[in-house]
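Me: I'd like to go through the aromatic rings in this one. Can you take my questions as they come?

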Amino acid sequence: MAHKKLHLPEKTCEHCQRPFCWRRKWARDWENVKYCSQRCKRAAHSSSGQLAVATAVPANLCAAGSVEDEF
């Protein structure tokens, strides 16, 4: 049986510019999800519009288990 999570929709975080995948928790509100984590959401609101772009962007955060949930 093939792995079902290979083809999840992706977005780019507005704060860190890293790609992140759809999560079941975000199913009802996927169109409005802008940030990959609470940390990016807080940092974006506190930085008064300045983007802090990471210099080394990892390939994909979908497989990483350490990404915090937005909600």
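This is a predicted model: local features need pLDDT of at least 70, side-chain atom pairs count only at pLDDT 80 or more; totals for chains, interfaces and linings use all residues.

Me: What makes Phe-20 and Trp-26 an edge-to-face pair?

Reply: Rings of Phe, Tyr and Trp (its six-membered ring) pair if their centres lie within 6.5 Å; planes under 30 degrees apart are stacked, over 60 edge-to-face, the rest tilted. Phe-20 and Trp-26 are 5.5 Å apart centre to centre with 85 degrees between the planes, so edge-to-face it is.

Me: Why are Trp-26 and Trp-30 called stacked?

Reply: Their centres are 6.0 Å apart and their planes 20 degrees apart, so they pair and count as stacked.

Me: How do you know that a charge sits over the ring of Trp-26?

Reply: The rule wants NZ of Lys or CZ of Arg within 6 Å of the ring centre and within 35 degrees of the ring normal. The charged end of Arg-23 is 5.7 Å from the centre of the Trp-26 ring. Lys-11 lies over the face of Trp-30, at 4.6 Å from the ring centre.

Me: Why is Tyr-35 called buried?

Reply: Because its relative accessible area is 12%, and buried means under 20% (exposed over 50%, partly exposed in between; 1.4 Å probe, protein chains only). Phe-20 and Trp-26 are both buried too, and so is Trp-30.

Notes:
Residues are numbered from 1 along each chain as its sequence is written. Side-chain values use heavy atoms; hydrogens and water are left out.
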